[in-house]
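Colleague: I have the two-chain entry open and would like to go through it with you. Could we begin with the overall architecture and then move to particular contacts?

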Amino acid sequence: MTQQLLPTDPTLVPPATRSGDSRQGDQHGKVRRRPAAARGKRGAAASPAFVAGCVMLGLVLLLAAGGALLPGYDPFGQDLSAAMRKPLTDPDHLLGTDSLGRDMLSRLSLASFVTLGIALAVVILNAVIGTGLGMAAGYFGGRLDSAVTTLADVNLAMPVVLLLIAVAAVTGPSATLTIATLGLTYWVGYARVSRNLARSLRNRDFVLAPLTQGGGHGWVIRKHILPNVFSQTLIIAATDIATIILIESSLEYLGLGVQPPVPSWGSMIFEGQKYLGTNPWLAVLPGIVMFLTVAGAQFVSQRFTAEGTTGALLRKGRTA
Amino acid sequence: MRTDTPAPPFLDVLTIQDLMVEFPARGPLFSRRTLKAVNGVSLHVAPGETLGLVGESGCGKSTLVRTILGMNKPTAGTVAVGGRNLAGLLNGRRRQERARMQMVFQDPYSSLDPRMTVHEIIAEPLRINGQYTAAAVNRLLEQVGLTEAMGGRRPSEFSGGQRQRVGIARALALKPELLILDEPVSALDVSVQAQVINLLQDLQAELGLSYLFIAHDLSVVRQISHRVAVMYMGRIVETGPVADVFNNPQHPYTRALLSAAPVADPAAAASRQRIVLRGDLPDAANLPSGCSFRTRCPMATEACAAVVPQLLPPVPTQADFPVRPAHQSACLLVHS
């Protein structure tokens with residue numbers, strides 16, 4: 001999860017800020033230099049895992065985006081006479097049908113669209129909140145910094161799933177509720193990384209220069225802090241999306257989230273498990289799609305994290 | 001070289017009066033102390049003049065610069081640009097006035113955003129102030145001895161000297177009257193240092209710029225400055241025309257500083273007296289009473305602990321080697 005990312009990958013966090021007047025004595029040369037092996041990596045051919053990850057993700061995205069264009073697309077139409085067909089046995093229903101005779105391929109396609117959409121919304125919300133708070137905390141420091149840091153710590157102590165169940169008990173479950181709850185609670189990783197980056201950037205001379213030339217803090221954050229933090233945010237988002245999908249699917253499995261008849265991976269597994277003995281495909285198929293997504297996302301993001309260990313910021317700044 | 005007659009104050013590009021900058025520092029347990037980084041500094045820079053500001057690390061040079069540029073708030077005293085006190089101005093107007101002073105940073109590696117092209121870096125101050133044209137940037141590039149084509153590259157493709165030229169071009173973009181040069185060559189190779197110093201001198205002659213040149217390399221200061229101010233523990237201890245201060249230092253600290261600078265001529269080096277200071281810099285949050293140099297001064301007497309010496313012109317009757325009025329020092333022994 002986001003909070004685990006930091007300890008396991010301490011290199012994401014930049015070296016501690018040097019205090020005010022010692023910033024003159026500089027040591028970037030030391031920090032920026034990458035080991036020769038890492039430097040060569042950029043030009044090297046993509047690893048098999050990266051290619052496999054791209055293929056897996058590509059399949060899922062194709063399913064999510066292209067499913068609606070297939071002939072016979074109908075995720076809701078019931079046909080009890082054609083219920084419980086197994087995959088590849090019925091030319092009208094390529095992946096079979098569920099207990100109500102609904103086309104599995106269509107349902108998987110819609111479920112992928114729904115699930116990925118929710119996960120993407122959550123990750124974007126997390127990234128925006130976390131990066132915004134973190135940058136402000138690191139750049140301005142002082143009380144704002146303490147406030148954000150405390151908020152982040154409190155956030156980590158919050159039982160998100162219990163919170164979601166409690167709120168859902170009052171308002172009734174919905175996709176909006178899931179997005180809001182997860183989106184407002186999993187931003188800590190972004191906040192910590194961007195706070196530390198902003199803090200180390202704050203005293204760099206290229207950040208001070210525009211301030212002495214009439215630029216305001218808004219200008220500096222927009223032109224110098226955000227662009228340097230953004231690449232790190234993307235790296236976290238790439239590793240985070242798999243985790244969010246898993247959490248979201250667990251919640252859907254519990255019935256918190258999109259409501260029937262709209263399918264999601266989690267709710268499809270839940271419905272399918274009743275028929276594990278007669279037609280295991282009902283639960284296995286959404287499981288496979290979920291596996292392809294999560295594993296694919298991990299494989300792909302691994303490459304970003306490997307690059308990120310030297311830090312996109314530091315890499316671009318390496319001395320000539 | 002300039003004469004030692006001080007210019008009328010209203011003509012000065014930069015005038016600093018009794019500037020005091022204090023920071024709260026943590027004492028033992030929960031006590032609070034005050035750290036006096038700049039402790040009553042007055043100085044001025046006339047048009048077309050270079051004032052060299054010398055002092056060891058930790059003496060308050062950087063704080064002074066940050067305060068001039070408005071990044072620290074002074075506890076007391078004033079900073080005036082062109083005779084106009086910045087503290088009395090509204091924010092927008094103050095920014096405008098402050099743009100008449102521009103900064104060249106010490107480290108050409110951390111002062112340029114690695115993601116931006118050189119053209120964009122130089123364009124930034126122009127964009128902030130809505131004056132951007134590509135032609136203006138190209139003119140600036142040319143002015144500092146770079147070519148238009150180099151504008152498309154990133155700082156990582158440049159040498160330290162070229163980067164410092166970019167830093168100078170950026171500082172020149174808003175047509176300042178004064179450049180604050182914070183050790184602009186100390187991060188560079190000696191051969192490159194000379195080129196940058198030459199460029200600065202050419203620009204001064206061409207544009208009539210004033211420089212506040214901060215350095216610890218005395219030979220560079222001697223070459224480029226018209227006047228020098230020596231700083232110790234947040235105070236100016238000696239100031240005057242460069243030749244006077246270097247040839248006839250009055251304050252014991254200046255003497256020690258000059259005696260520590262390497263001399264190119266071995267014969268001269270052998271014959272001169274080397275003054276070695278004992279001890280470390282005192283704690284800026286717990287300055288010694290009286291003269292803050294007395295703890296390390298080879299000539300200190302009991303009187304030095306009692307009185308804070310003021311920066312004063314020489315006593316007229318003094319000595320065989322006449323000291324000119326513009327050459328002031330803050331030492332009881334010199335004035336007794």
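Colleague: What pattern does chain A follow, read along the sequence?

Modeller: Please keep in mind that this is a predicted model. Read along the sequence, chain A runs α-α-α-α-α-α-α-α-α-α-α-α-α-α. That corresponds to 14 helices and zero strands.

Colleague: And how much of chain A is buried?

Modeller: Of the 320 residues in chain A, 42% are buried. Among the contacts in chain A with a separation of 6 or more, 74% are between residues 24 or more positions apart.

Colleague: Which residues have the most contacts inside the largest nonpolar core?

Modeller: They are B:Ile122, B:Leu212, B:Phe213 and B:Val230, in a core of 150 residues. The element that gives the most to this core is helix H5 of chain A, residues 104-140, with 18 residues.

Colleague: Staying with H5(A), at what angle does it pack against H6(A)?

Modeller: The angle between H5(A) and helix H6 of chain A, residues 142-156, is about 140°, and their axes are 7 Å apart. The crossing of these two helices is left-handed.

Colleague: Which residues meet there?

Modeller: From H5(A) they are A:Leu133, A:Ala136, A:Ala137, A:Gly138 and A:Phe140, and from H6(A) they are A:Gly142, A:Leu144, A:Asp145, A:Val148 and A:Thr149. By class, the contact has six nonpolar residues, three polar and one charged.

Colleague: Turning to the interface, how many residues of chain A are in contact with chain B?

Modeller: There are 23 residues of chain A in contact with 26 residues of chain B. On the chain A side, helix H10 (205-212) and helix H11 (217-253) each supply at least two residues. H10(A) provides the largest share of that side, six residues.

Colleague: What is the make-up of that side by class?

Modeller: The side of chain A that touches chain B has ten polar, seven nonpolar and six charged residues.

Colleague: I had also marked A:Asn228. Is that residue buried or exposed?

Modeller: A:Asn228 counts as buried because it has 28 C-beta neighbours inside 10 Å, where 20 or more are required. Its place is in helix H11 of chain A. A:Asn228 lies 8.5 Å from A:Ala198, C-alpha to C-alpha, and the two are 30 residues apart in sequence.

Colleague: Now chain B. In what order do the four strands of the open sheet come?

Modeller: The order in chain B is E2-E1-E4-E5, with antiparallel pairing. Strand E2 (32-45) and strand E5 (84-85) of chain B are the edge strands, each pairing on one side only.

Colleague: How many bridges join E1(B) to E4(B)?

Modeller: Five bridges join strand E1 of chain B, residues 14-26, to strand E4 of chain B, residues 76-81, and the two run antiparallel. Within that pair, B:Thr15 stands opposite B:Ala80 in E4(B). Helix H1 of chain B, residues 61-68, packs on the sheet and touches E1, E2 and E4 of chain B. The direction of H1(B) makes about 70° with that of E2(B).

Colleague: And E10(B): how many of its residues are buried?

Modeller: Seven of its seven residues are buried, so to speak of strand E10 of chain B, residues 235-241, as mostly covered follows from the burial cut-off. Six bridges join E10(B) to strand E9 of chain B, residues 227-232, in an antiparallel arrangement. The bridge partner of B:Arg227 in E10(B) is B:Pro241.

Colleague: Which residue takes a positive phi in that hairpin?

Modeller: B:Met233 does, with a phi near 45°; the hairpin of E9(B) and E10(B) has two residues between the strands.

Colleague: What else does E10(B) join?

Modeller: Two bridges join E10(B) to strand E11 of chain B, residues 328-329, which runs antiparallel to E10(B). There, B:Glu238 stands opposite B:Ser329 in E11(B).

Colleague: Finally, why does B:Ala243 count as partly exposed?

Modeller: B:Ala243 counts as partly exposed because it has 15 C-beta neighbours inside 10 Å. B:Ala243 is found in helix H8 of chain B, residues 242-247. Its C-alpha atom is separated by 9.0 Å from that of B:Val228, 15 residues away along the chain.

Terms used
Residues are numbered from 1 along each chain as its sequence is written. Chains are lettered from A and ligands numbered from 1 in the order in which they are written. This is a predicted model: local features need pLDDT of at least 70, side-chain atom pairs count only at pLDDT 80 or more; totals for chains, interfaces and linings use all residues. A nonpolar core is a set of buried Ala, Val, Leu, Ile, Met, Phe, Trp, Tyr and Cys residues joined through C-beta atoms within 7 Å. A residue is buried if 20 or more other C-beta atoms lie within 10 Å of its own, exposed if 12 or fewer, and partly exposed in between; C-beta atoms are placed from the backbone. Two residues are in contact if their C-beta atoms, placed from the backbone, lie within 7 Å. Ala, Val, Leu, Ile, Met, Phe, Trp, Tyr, Cys and Pro count as nonpolar, Asp, Glu, Lys and Arg as charged, and the others, Gly among them, as polar. Two strands pair if DSSP finds at least two bridges between them. Axes are lines fitted to C-alpha atoms, for helices over the stretch in contact, and angles run from 0 to 180 degrees between N-to-C directions. A crossing is left-handed if the near helix is turned anticlockwise from the far one by less than a right angle, and right-handed if clockwise.
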